[in-house]
Amino acid sequence: MRYGVVLLIFAAIAAADLNAEASKEIRPLFTQEAIEIDGHLNEEDWTQAQVIDDFIQQSPDEGQPSTERTEVRMLYDTEKLYIGFECYDSQPDKIVANEMRRDGQLWQNDNVYIMLDTYGDKRQCFFFRTNALGALSDTAVTDGGENLNGSWDCIWEAAGRQHEKGWTVEIAIPFNQLRFKKKDSMVWGVNFGRNIQRTNETTQWIQVPRSQSWPGTYHPIYQGKLTGLQGIALPSYFDVKPYLLGGLARNLEDGDWHRTTERDMGLDMKYGITSNLTLDLTLNTDFAQVEADQEEVNLTRFSLYFPERRDFFLEGSGLFAFGAGIGDFGPPPLAVFYSRSIGIEDEKEIRLLGGGKLTGKVGAYSVGALNMTTAASGEIPMTNFSVLRMQRDILSDSTVGFILTNRQSDFDNDYHRNGGIDLFFRPHDQWRMRAMTVGSWSPDPEERDMAWHFSNNWRNKYFRVNASYLDIGPQFTSKMGFMHRRNIRSLMLDTDYRIQISRYGVRDVGTGFAGGYLLDHDNNLIGWDARIGGNILLDSDDGFSLNVQRSFDRVDESFSVGDAEIPAGDYEMNQVSLRGFTESSRPFAVFGRVEYGDYFHGNRVSFDIDSQWRMTYQLAIETRYQRNWINLPETDLFTTNVVGTRISYALNTRFFTKLYAQWNDSAERVSANFLLNYIYRPGSDFYLVYDQGWDTSDGFHTHDWTVLSKFTYLFSL
């Protein structure tokens with residue numbers, strides 16, 4: 001009872017602080033003018049609109065007024081919401097604006113953003129960011145800010161311009177791109193922010209605590225009110241987007257060249273059943289324009305995790321998230337639904353015959369349903385994939401839900417299913433708890449088992465601690481998901497302490513400890529690790545960190561790394577790593593890492609460096625180099641190398657080109673991918689794609705090449 005009373009007191013204090021700021025509101029002005037999105041707020045109604053300018057610093061001086069004045073105005077008509085930013089700057093010649101790519105790294109520029117919680121429930125929102133060049137970046141946020149889908153693409157407009165007093169940006173967001181519950185007069189949640197790169201200053205209208213850092217800007221709990229929206233068009237709509245594809249391909253098989261002509265067509269459809277429920281349909285889906293995965297060297301005995309890049313699966317993906325470590329950085333130890341299990345087998349693409357997806361919100365329920373069928377290919381039969389996900393809002397900022405997945409081949413008795421329930425509980429914004437349990441079923445009795453997970457994350461201004469427990473049964477399987485390993489009982493603790501120095505050129509100093517303890521289901525020890533380290537962040541936004549780690553790993557079966565074999569056995573290993581980085585908004589920025597330590601019964605030195613050179617605001621070159629020196633007793637010293645270069649050029653915010661080349665010597669291949677993308681009208685694209693691969697196992701020989709053109713056109717009915 002005492003603990004319950006204390007919890008209620010803390011929750012009440014946090015709620016009181018948030019409510020004080022949530023009383024701030026903005027009321028957009030209804031306009032009948034034709035608003036031209038050109039970066040000039042010169043229409044008469046802009047002068048009549050309410051102005052908000054009381055922005056508060058999140059960093060570096062938390063709670064203080066912003067050092068540069070920012071004004072925000074809002075208008076709306078029956079079809080669009082308009083936002084105008086006036087960003088005054090006492091040193092306009094030092095404004096950082098060198099990114100024009102769609103969904104580029106705009107946080108490395110001077111930028112502004114808008115967060116719209118269209119349901120007003122503080123659980124999900126739409127996030128829009130732009131800079132002085134009018135570049136576009138948008139994110140769909142779910143699960144109270146825990147899941148960010150940066151690949152969601154909204155059809156919206158922005159235009160920016162720089163002037164002698166700073167810079168101005170003008171934004172238009174169509175209502176039919178948003179999801180909300182239609183009322184005569186609606187109240188949405190809203191927040192605005194501005195980042196000034198040369199001083200590393202971040203400010204918001206509704207202040208986000210510094211302890212929440214940049215992820216906190218995506219948390220819809222920090223919001224004021226957007227009131228007075230009346231008479232807007234009901235955003236139920238029907239979009240049809242066909243594509244035409246043509247090209248040539250040539251590949252080498254068994255010493256013979258085979259040349260094929262590529263001709264294809266397909267269709268994507270989107271229907272707004274209601275203002276908050278959307279149906280997506282796809283026929284003969286193609287992803288020719290999707291960039292290749294980044295090459296990786298696997299030095300472990302476990303599968304690598306690659307992020308999803310295909311648009312159809314990305315939109316609304318946050319709703320389907322279910323598992324352990326979901327929303328954390330890095331690969332999750334268990335994801336019950338991993339969309340790359342659909343249409344990709346043994347690193348080869350399988351044709352998607354078609355499918356559909358229903359996402360949205362009905363009252364207090366968030367609903368997601370997906371069904372997709374892939375074609376037969378070689379020994380792989382035609383397969384159907386389906387997912388049903390539902391969440392129910394409870395309390396003020398928590399959810400409970402379930403998931404069901406089914407993978408079925410040739411629609412017979414060859415199936416695999418998962419089903420589970422989960423809980424997300426947030427007493428206040430500094431405390432988050434998650435729990436889930438899930439089972440697996442198939443005709444094979446050895447694929448039936450359970451897994452469950454619990455995590456507790458708490459933080460304040462200086463201290464953060466995350467503790468979790470994961471239990472995966474020895475026969476648990478998830479053929480539509482991703483699983484690092486099974487037959488484990490894992491205890492994890494991750495904590496750090498950070499203080500603000502703000503002297504001697506140092507902004508922050510932090511230290512942390514992380515550790516894990518791993519058992520199998522017979523309670524035998526199979527692994528543990530402990531890591532301690534520290535980091536320093538300078539006023540210049542440069543920084544470095546040093547970490548020392550000791551670990552134990554039990555290898556039950558031998559496995560190969562390159563030409564070497566790691567024998568079964570118990571291994572205790574020590575490792576030290578040093579990382580450093582420069583401030584990312586500079587024309588040339590670098591991240592580097594060096595690691596040295598034991599590698600099973602040998603040792604390893606690892607070095608990798610990433611750099612980004614923005615030669616102009618249109619041209620950028622990114623490079624990546626990773627090298628490992630591995631020394632094992634039974635083999636000579638061997639090395640692995642991965643090299644990657646990406647050259648991007650943006651003629652404007654609607655015309656982009658990109659060349660991506662990679663070399664992975666352990667896989668004995670070199671690849672190059674060229675992409676030209678022209679958005680000739682909002683939602684409609686032309687792509688020109690060229691892919692080529694070389695085999696380096698015996699010299700340097702062309703293995704395959706493909707050249708494709710793809711044309712899409714959006715019909716809105």
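Helices (H or I, at least four residues) and strands (E, at least two) are DSSP runs, numbered from the N terminus. The exercises below concern a predicted model, in which local features need pLDDT of at least 70 and side-chain atom pairs count only at pLDDT 80 or more, while totals for chains, interfaces and linings use all residues. Residues are numbered from 1 along each chain as its sequence is written, and side-chain values use heavy atoms, with hydrogens and water left out.

**Exercise 1. Backbone geometry**

Task: locate N523, S213 and P60 among the strands, and state what is noted about the backbone at each.

Solution. As background, most residues other than glycine have a negative phi, and most peptide bonds are trans. Begin with N523, which sits in the loop between β32 (506-519) and β33 (525-538); although N523 is not a glycine, its phi is positive, at about 60°. Next take S213, found in the loop between β13 (201-204) and β14 (224-230), where this non-glycine residue has a positive phi of about 55°. S213 is partly exposed, its relative accessible area being 34% (buried means under 20%, exposed over 50%, partly exposed in between, with a 1.4 Å probe and protein chains only). Finally, P60 lies in the loop between β3 (56-59) and β4 (70-76), and the peptide bond leading from S59 to P60 is cis, with omega near 5°.

**Exercise 2. Overall dimensions**

Solution. The protein chain has 3 helices and 46 strands. Along the principal axes, the C-alpha atoms fill a box of roughly 75 × 65 × 50 Å. Of the 717 residues, 50% count as buried.

**Exercise 3. Enclosed space**

Task: find how many cavities of 30 Å³ or more the structure holds, and describe the lining of the largest cavity.

Solution. On a 1 Å grid over the protein atoms alone, a cavity is a set of points where a 1.4 Å probe fits but cannot get out, and lining residues have an atom within 4 Å of a point. The structure holds 3 cavities of 30 Å³ or more. The largest cavity has a volume of about 60 Å³, a volume being the space filled by probe spheres set on the points, which are joined across faces, edges and corners. Its lining includes N98, R101, Y617 and A650, and the elements giving two or more residues to that lining are β40 (619-631) and β41 (638-652).

Technical notes
1 Å grid on protein atoms, 1.4 Å probe; cavity = no way out; pocket = protein on both sides within 12 Å on 5 of 7 lines; lining within 4 Å.
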